[in-house]
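Trainee: Hi! I'm new to this one, could you walk me through it?

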Amino acid sequence: MTKKLFIKTYGCQMNVYDSTRMVDVLAPLGYRPVQQPEGADIIILNTCHIREKASEKVFSELGRLRVLKDSAAQQGRRVLLAVAGCVAQAEGEEIVRRAPQVDLVFGPQTYHRLPEMVTRALGQDFGRGLVDTDFPAESKFDFLPEEAAAQGPAAFLSVQEGCDKFCTFCVVPYTRGAEFSRPVADILREARNRVAEGTLEITLLGQNVNAFHGEGLDGKSWSLGRLIRELAEIDGLRRIRYTTSHPRDMDQELIAAHGQVPQLMPYLHLPVQSGSDRILEAMNRKHDAALYHRIVAQLRDQRPDLALSSDFIVGFPGERDEDFAQTLQLVTKVGFAQAYSFKYSPRPGTPAAGSAQQVDEDVKSARLSALQQLLNAQQEAFNLGSVGQRMPVILERRGKFSGQLIGRSPWMQSVVVDAPAHLLGRLIEVDINSAHANSLIGQLVTEDRDHLAASSQDGTTGAPDRPAPSQSSPHRKRACA
């Protein structure tokens, strides 16, 4: 009999990937994913610890789910409730103590053991939940099955996990563990499988993806740049992206790949967090603003139409007016297509949380508002610069209205077109007619796939020439790391 599995995913794309793999590992036990928790036999909250008050939001959700679980029990039906991900890793025993309705708590490194945990939980009477938050000696990737379901025209592929950077504001090293890179052969096999199922675009995932150092086909350590070059040889893979990156790991091989590998899209998420060297040092970022500017200049020398997105934290402990002014100066000079910006909020267990130099909330709010005003203006200016352009777009999903399809441009813009449903999953040429703050509106050029493939050279070099972003002009907005 088919059993129902509901997973609610919070946070980053790595969590999205992890949730899809949880579906895969539970499939042999007869579980199939559903879209609502009502009627599910297992409910999993795959959590993220990055956002403010993340754990409290999880406990609030668990309170709502307890009502659903109790109602099922009154009907004689057992529902397993599980908490996974980074909040589970950080607060495993506390979750069981505060929410006794939870049956399973497991971290992001242990979900390959989920079938065993589910079997154990179902074999015991109602009682204390099972907690598995140890960092295993073995890699979870060695025990995961082949992905069961196609992800569609744009897929995510995890290649690196964990972090050794220990930024003073971040919990990732404590919840995801040390940096680990998958072997190249495994990545290539998974990528080929995705392409065979119709995937045109693959985004390589990692907490510090450009720190990738997996075992290559020659037995030696390969960099991300070399991995990208090998992936580009896969017939039918039209686009390659990667996220999230750290400035310290942008080596020359990777920078050169942006100019030499046409499948590598002209869009890069490169978090900087602050424009102040003093604050960057306090954050333990191990780079300064000058290094960030040099990397951006080298990237744009290789790929003049490159668009950048970034992350910013305002109100970090000890941030002064002049520090924040330096952040605004960096944003103005670089120009961003997208950006994620947040007020600093303490994460328990991180060094910055105990600082005596916490910034007043009103000051943080004012600074965030000023920064977002600048970033939003840059995003709108970047999108307006797309009007009148013709660009290749992969149509990924249906739009809000009948006859609409939505896809992504090479620069990660959301593009809305009127197009027939049979073009879903296709790469097509679109003329951009208008722009909004968060999307572009386009018109289909042709439905002839062979013509499109020829004219756009596999969807990677058919994009129009875009002017190099000015060192002082506004540009577009997106984030993480």
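Mentor: First, a definition: rings of Phe, Tyr and Trp (its six-membered ring) count as a pair if their centres lie within 6.5 Å. Planes over 60 degrees apart make the pair edge-to-face. Also keep in mind that this is a predicted model.
Trainee: Okay, how many aromatic pairs does the structure hold?
Mentor: There are four aromatic pairs in the structure. In one of them, the ring centres of Phe 312 and Phe 336 are 5.5 Å apart and the planes stand at 85°, so this pair is edge-to-face.
Trainee: Where in the chain do Phe 312 and Phe 336 sit?
Mentor: Phe 312 belongs to strand β13 (residues 307–314), while Phe 336 is in the loop between α11 (321–334) and β14 (338–343). They are 24 residues apart, and the pair links distant parts of the chain.
Trainee: Are those two buried or exposed?
Mentor: Both Phe 312 and Phe 336 are buried.
Trainee: And what about Phe 316 and Tyr 344, how are their rings arranged?
Mentor: Their centres are 5.3 Å apart with the planes at 70°, so that pair is edge-to-face. Phe 316 is in the loop between β13 and α11, and Tyr 344 is in the loop between β14 and α12 (361–384), so the pair ties together parts 28 residues apart in sequence. Phe 316 has a relative accessible area of 3%, under the 20% cut-off, so Phe 316 is buried. Tyr 344 is buried as well, with a relative accessible area of 3%.
Trainee: What sits over the ring of Phe 59?
Mentor: The charged end of Arg 98 does, 3.9 Å from the ring centre.
Trainee: Which strands is β4 joined to?
Mentor: Strand β3 (residues 42–47) runs parallel to β4, with five bridges joining them. Strand β5 (residues 104–106) is also parallel to β4, joined by three bridges. Ala 82 is a handy landmark: it is the bridge partner of Ile 44, and its partner in β5 is Leu 104.
Trainee: What do β4 and β5 make together with helix α3?
Mentor: With α3 (residues 85–98), they make a right-handed β-α-β unit.
Trainee: Now helix α8, which of its residues are buried?
Mentor: In α8 (residues 252–260), the buried residues are Leu 254, Ile 255, Ala 256, Ala 257 and His 258. Their cover includes α7 (224–231), β11 (239–243), β12 and α10 (289–302).
Trainee: What happens at the start of α8?
Mentor: There, a side-chain oxygen of Asp 251 comes to within 3.3 Å of the backbone nitrogen of Glu 253.
Trainee: Last one: where is Ser 274?
Mentor: Ser 274 is in the loop between β12 (267–269) and α9 (277–282). With a relative accessible area of 0%, Ser 274 is buried. Its side chain makes a polar contact with the side chain of Thr 327, at 3.5 Å. Beyond its neighbours within four places in sequence, Ser 274 has contacts that include Ile 279, Met 283 and Leu 330.

Conventions
Residues numbered from 1 in each chain as written. Predicted model: local features only at pLDDT ≥ 70, side-chain atom pairs only at ≥ 80, totals over all residues. Heavy atoms only, no water. Helix = DSSP H or I, 4+ residues; strand = E, 2+ residues; numbered from the N terminus. Buried < 20%, exposed > 50% of the residue type's maximum accessible area, 1.4 Å probe, protein only. Polar contact = N/O pair within 3.5 Å; in protein donor to acceptor, adjacent residues only side chain to side chain. Contact = heavy atoms within 4.5 Å. Phe/Tyr/Trp six-rings, centres within 6.5 Å; stacked < 30°, edge-to-face > 60°. Lys NZ or Arg CZ within 6 Å of the ring centre and 35° of its normal. Pairing = 2+ DSSP bridges. Right-handed = clockwise from strand over helix to strand, strands pointing away.
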